Amino acid sequence: MQGTRFKLFPQPQFLDEFEEPEIVEVSSPPGSLGPGPQDARMYTIFPIGKPQPYGISPDGSDPMAPPWTGDIEAPAMPDEEGHFDYLEPGTPQFEAAHLFGTVRFVMDIWEDYFGREIPWQADAVYERQELTILHSLDNAYSGFGFIEMGADASTGTLKPFALNFDVIAHELGHAIIYSEIGVPDPQNVTGEYFGFHESAADLVALISSLHFNSLVDRLLANTRGNLYTLNAANRIAELSDNKQIRIAANDTRLCQFAEGWRKEHHLGQPLTGAFFDILVDIFHEMLLDYGAISPEMEDLSDQLLATAEYAPVMQDMFDAAYADHPDQFKRALLDARDIMGTYLADTWQLLSRQDLNFIDVAEAFMEVDQAHTGGRFATIIRGNFHLRDIGLVDVGPQLEPLGEDSHANSVRTMLPMD
């Protein structure tokens with residue numbers, strides 16, 4: 001069935017290889033979306049004169065909550081056929097359409113992995129989720145009844161987060177986790193819960209970005225399938241050509257937090273890194289299935305991993321294998337993407353918000369693999385979690401009060417009773 005078309009940037013347009021957006025179709029039938037854009041579950045607005053972001057203001061003034069009832073920019077309008085891909089970058093209407101289109105695109109992806117509609121956390125209170133833009137906000141938040149996109153002005157040029165696919169997908173990842181697992185009791189929450197939250201949001205962005213055909217093609221052309229090379233897929237929330245918030249292909253281990261932790265963003269990196277390594281290993285298994293690499297090549301990759309010899313030896317082998325089997329490499333990557341997406345969705349539905357720790361996540365992921373394949377990837381999964389000390393090391397205590405950049409005390413966790 002035909003869907004509604006939008007132009008989306010797979011990565012920020014200020015990156016050299018991503019100046020042009022890609023046309024995608026979301027699940028909404030043409031003609032079903034109204035001005036804004038909007039549908040039965042969410043609506044987009046670009047407020048004029050909004051004095052502060054939703055939530056408790058840093059200056060202590062009264063909190064704001066949706067809906068915004070003040071003035072707004074003229075909404076993005078569908079064309080005669082009901083599409084929004086005629087809009088060009090540089091207008092408030094394109095920015096609003098990009099925000100809505102990205103949220104709908106990512107929700108389509110994860111509702112497919114979940115096998116059902118994903119509810120909003122605030123469905124019992126708000127009829128629809130508000131997607132809103134506030135350039136004066138130097139961050140982005142998903143909260144109870146809204147997703148609000150600010151902008152980065154640190155480089156002297158305003159870079160709206162509503163045009164940054166990874167940032168939007170990351171915030172939607174938080175919204176999915178709060179909807180599916182819930183906001184924990186502040187008296188019983190673990191640091192690992194918030195680290196898990198950051199990891200899950202990064203993984204939503206990572207897996208979702210691999211649904212752009214142009215990004216997958218560019219990724220494989222640049223790396224020849226050696227995904228341990230720094231590349232577009234493992235740059236999370238890219239802010240410039242050489243500045244990244246977090247990298248999924250990291251070397252962080254849980255033993256680094258045995259004495260304690262300070263930032264949940266850092267605490268989540270061992271979990272994200274383990275899942276990225278599992279994704280790469282499943283990709284290699286799919287390459288074997290398609291006959292695109294030899295068992296000897298896969299074994300050598302495992303032996304050289306995390307050694308100085310890996311890059312000079314393995315890159316030449318990947319270059320040759322990719323040149324002989326480019327179509328099989330693409331199919332294998334898409335297979336690995338969808339296996340990971342399905343496994344993560346199933347895993348998250350098995351978790352409890354109270355006293356959550358990384359070993360709970362690892363054991364649930366193993367259980368999902370057993371249910372789907374009889375444990376085909378059990379050795380891969382267990383080995384990568386152990387390499388990150390997950391299940392082997394206990395996380396130490398919180399070492400200092402949470403800072404202003406912490407999401408544990410942010411608008412994301414604020415509920416109507418607050």
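**Figure 1. Lys50 sits over the face of Tyr54.** In this predicted model, Lys50 lies 3.7 Å from the ring centre of Tyr54. A charge counts as over a ring if NZ of Lys or CZ of Arg is within 6 Å of the ring centre and within 35 degrees of the ring normal. Arg331 lies over the face of Tyr290, at 5.2 Å from the ring centre. Residues are numbered from 1 along each chain as its sequence is written, and side-chain values use heavy atoms, with hydrogens and water left out. As the model is predicted, local features need pLDDT of at least 70 and side-chain atom pairs count only at pLDDT 80 or more, while totals for chains, interfaces and linings use all residues.

**Figure 2. The protein chain has eleven helices and ten strands.** Helices (H or I, at least four residues) and strands (E, at least two) are DSSP runs, numbered from the N terminus. Of the 418 residues, 56% are buried. Buried means under 20% relative accessible area, exposed means over 50%, and partly exposed lies in between (1.4 Å probe, protein chains only). The chain exposes about 17300 Å². Carbon and sulfur atoms supply 49% of that area. Areas come from the Shrake-Rupley method with a 1.4 Å probe; for residues, only the protein chains shown count as cover. Contact means heavy atoms within 4.5 Å. Among contacts between residues at least 6 apart in sequence, 69% join residues at least 24 apart.

**Figure 3. Helix α1 is largely enclosed by the rest of the structure.** Helix α1 spans residues 92–114 and has 23 residues. From first C-alpha to last, α1 reaches 33 Å, close to the 33 Å expected at 1.5 Å a residue. The expected span is 1.5 Å times one less than the number of residues. In α1, 21 of the 23 residues are buried. Gly115 follows α1 and has a positive phi, near 75 degrees. Helix α3 has 19 residues and reaches 28 Å, close to the 27 Å expected.

**Figure 4. The largest nonpolar core has 111 residues.** A nonpolar core is a set of buried Ala, Val, Leu, Ile, Met, Phe, Trp, Tyr and Cys residues joined through side-chain atoms within 4.5 Å. Trp110, Phe196, Phe275, Trp348 and Phe385 touch the most other members. Helix α1 gives the most to this core, with 13 residues. A second, separate core has nine residues, including Tyr43, Tyr54, Trp68 and Leu137. Leaving out residues up to four places away in sequence, Phe385 touches Leu271, Ala274, Phe275, Ile278, Ala362, Phe365 and Ile390. In soluble globular proteins, nonpolar side chains tend to be buried together.

**Figure 5. Phe105 and Phe212 form a tilted aromatic pair.** The whole structure holds 20 aromatic pairs. Rings of Phe, Tyr and Trp (its six-membered ring) pair if their centres lie within 6.5 Å; planes under 30 degrees apart count as stacked, over 60 as edge-to-face and the rest as tilted. Phe105 and Phe212 are 5.2 Å apart, centre to centre, with 40 degrees between the planes. Phe105 lies in helix α1 and Phe212 in the loop between α3 (191–209) and α4 (213–223), so the pair ties together parts that are 107 residues apart in sequence. Phe105 is buried at 9% relative accessibility, and Phe212 is buried at 0%. Tyr322 and Phe329 pair edge-to-face, at 5.5 Å and 85 degrees. Both Tyr322 and Phe329 are buried. Ring pairs also link Phe275, Tyr343, Phe365 and Phe385 into a cluster.

**Figure 6. Ile45 is a buried residue of strand β3.** Strand β3 covers residues 42–45. Ile45 has a relative accessible area of 9%. Leaving out residues up to four places away in sequence, Ile45 touches Trp68, Ile72, Glu130, Leu131, Thr132 and Ile133.

**Figure 7. The peptide bonds from Gly36 to Pro37 and from Pro66 to Pro67 are cis.** Omega is near 0 degrees for Gly36 to Pro37 and near 5 degrees for Pro66 to Pro67. Pro37 lies in the loop between β2 (22–26) and β3. Pro67 lies in the loop between β3 and α1. Most residues other than glycine have a negative phi, and most peptide bonds are trans.
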